[in-house]
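Good morning, and thank you for coming. Today I shall speak about aromatic rings; please look at the model first.

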Amino acid sequence: MVQQVMVQQVGAVISEDGAGRAKGRSSLMRSPQFSSFVILIVLLVVFAVADGNFLSPLNISNMMAFLPELGIIALGMTLLLTAGEFDLSVGAVFALAPVVVMLLVQNAGIDIGVALFAGLLLCIAIGAINGVIVTKIGISSFLVTLSMLLIVRGAALYITQGFPLKSWDQPGFFVTLLAGSFNIGAFRFYTSLWWFIGLSLLAVYVLHYAKLGNWISAIGSNRNAAVARGVPADAVKIWLFVLTSVLAGLAGMISAFRISAASPVAGTGYELEVIAMVVVGGTALTGGRGTILGTIVGALMLRAIRNGIVLVGVPGLAYNIFVGVIILAMLILHALLQKNAARS
Amino acid sequence: MMQEVLRLENLQKSFGSVRALKNASLTLKEGEVVALLGDNGAGKSTLIKAISGVFPIDRGDIYVRGKKVSIRSTREAMDLGIETIHQDTSLAPDLSIARNLFLGREPVNLKWLGVFAPLDLAKLRDAASALLKRVGISKKLDANALVSTLSGGERQSIAISRAMQFAAKVIILDEPTNNLGVEETHGVLRFVKEMRAAGHSVLLITHNIHHVFEVADRIIIMRRGEIVAEQTVADTDLLTVESLITGADLSALMKRA
């Protein structure tokens with residue numbers, strides 16, 4: 001269902017978007033989202049043929065349960081990458097936010113709502129620190145957020161002494177809001193899927209249709225040009241760092257509620273997986289060119305790959321090899337398409 | 001007598017112990033092309049950055065149409081009608097021509113949404129096409145084309161027409177013909193003449209003295225952060241200007257040789 005909607009959206013955005021010199025079929029085929037989309041379909045077909053269970057309601061439900069957790073972070077990362085920066089601390093924030101919330105609830109006896117609010121403030125603070133250091137002091141986001149990764153991950157380990165916390169498992173408003181589940185026919189979906197869909201629509205709107213999206217692309221494409229036109233580049237970047245951190249914390253809470261545990265080592269390596277999703281979808285690592293639809297395709301693709309290669313019987317220890325090879329193949333394809341487009 | 005548009009009085013700017021600008025004063029009149037010449041490090045860039053709001057000046061006054069103003073940001077300069085076209089840095093290559101033309105001043109619906117307001121895409125496209133037609137480059141260019149697909153000259157034309165579109169009083173061109181081919185260079189110079197004809201005032205920064213003699217009315221020469229000479233193009237010649245730039249008396253050298 002989601003995929004069908006996306007087919008239509010890919011077509012719609014490509015044919016409208018003022019940022020694309022989309023004219024006719026050939027340039028639609030050349031757009032990075034489209035090639036990613038085709039490869040996603042191919043992958044889905046291959047996995048479905050190789051293993052009959054791949055498209056079973058249970059397996060699709062499983063994939064859809066995991067998808068939003070990384071997908072939500074990927075939306076923020078797409079906007080940040082489009083503005084020319086990235087954030088390596090998202091995986092650590094994914095762990096720290098629920099850990100702090102649960103500690104406040106369990107050890108300090110604070111109300112869950114207040115604790116969630118404190119967690120939100122913590123994420124805002126982490127994002128703001130990243131953003132201010134990157135823009136005002138002028139250190140590359142790679143170095144700043146790498147340091148932040150260590151600080152945040154270290155903090156999560158230290159305050160828990162390395163032990164996972166039992167998460168909030170009493171049903172209630174917040175659990176339903178973040179990790180409730182419902183059945184549609186034989187499919188079991190989590191409310192996190194709605195979060196992902198809603199946030200995706202919002203991100204598509206902001207990046208491709210709103211004034212802010214124009215600024216984000218311009219900043220990533222040529223920061224000096226944007227500043228010379230009066231675009232507040234530093235403020236935009238700081239807010240995008242805050243947004244990415246908050247989304248990472250939200251994803252962490254969703255995950256912690258779903259599995260009823262908050263682990264200080266949750267989300268390890270997520271930063272790279274998320275960046276992979278974003279660039280596989282066609283967003284440029286160097287900034288300026290971002291696509292939310294591509295990111296959704298990328299998120300689906302990485303999810304399907306991780307799920308599918310286990311089902312088709314690739315040994316567990318070997319599967320990162322396959323993931324790496326497929327990502328690399330995608331990037332090579334994008335680069336070749338880009339070259340072709342430039343030549344014509 | 002043409003009306004005065006921009007007047008700078010005793011502008012000063014230091015970076016640490018380096019005095020990049022010492023007492024720079026100049027006047028720019030309506031419909032006038034003034035060339036700002038000087039060797040590397042003479043203070044030309046500092047001067048135009050001060051006028052375009054890239055950084056604040058330490059001391060001195062700026063008057064726009066006789067009224068004293070303070071320029072603290074690029075946005076304030078733009079609002080005062082001062083548009084600057086920096087060399088190679090004026091456009092975002094990953095955005096379409098239309099989006100570049102209106103960058104920072106996007107037409108939107110539902111203005112109350114602030115930065116989240118939706119772009120008025122139809123208006124954006126129409127206005128961009130109209131502008132391209134007006135400046136005579138619509139035949140070749142589609143307003144939806146990405147700037148990265150354009151040649152250097154086409155990019156300069158886009159940047160210049162953007163400045164014209166917002167009815168800028170003062171257009172500052174920083175090395176507009178750098179890295180351009182012969183034909184493209186002539187296109188840009190033709191543009192400068194058209195701007196003058198349309199009543200804009202142009203401050204032209206360049207290294208190419210031949211271009212200056214082709215389009216400028218007046219020449220201002222800077223050396224070591226100071227304005228050392230001001231000449232009317234009609235009353236001077238290439239050799240004089242060159243010796244003023246370098247500070248050496250070239251004509252004396254020529255005579256000796």
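Which residues form one aromatic cluster with A:Trp194? The cluster consists of A:Phe182, A:Phe187, A:Phe189 and A:Trp194.

This is a predicted model, in which local features need pLDDT of at least 70 and side-chain atom pairs count only at pLDDT 80 or more, while totals for chains, interfaces and linings use all residues. Residues are numbered from 1 along each chain as its sequence is written, chains are lettered from A and ligands numbered from 1 in the order in which they are written, and side-chain values use heavy atoms, with hydrogens and water left out.

Rings of Phe, Tyr and Trp (its six-membered ring) pair if their centres lie within 6.5 Å; planes under 30 degrees apart count as stacked, over 60 as edge-to-face and the rest as tilted. Over all chains, this rule gives 7 aromatic pairs. In one of them, the ring centres of A:Phe182 and A:Phe189 are 6.1 Å apart and the planes stand at 50°, so this pair is tilted.

Buried means under 20% relative accessible area, exposed over 50%, and partly exposed in between (1.4 Å probe, protein chains only). A:Phe182 is partly exposed at 23%, whereas A:Phe189 is buried at 12%.

In chain B, the rings of B:Phe15 and B:Phe55 have centres 5.2 Å apart and planes at 80°, so they are edge-to-face. B:Phe15 is partly exposed, at 40%, and B:Phe55 is buried, at 16%.
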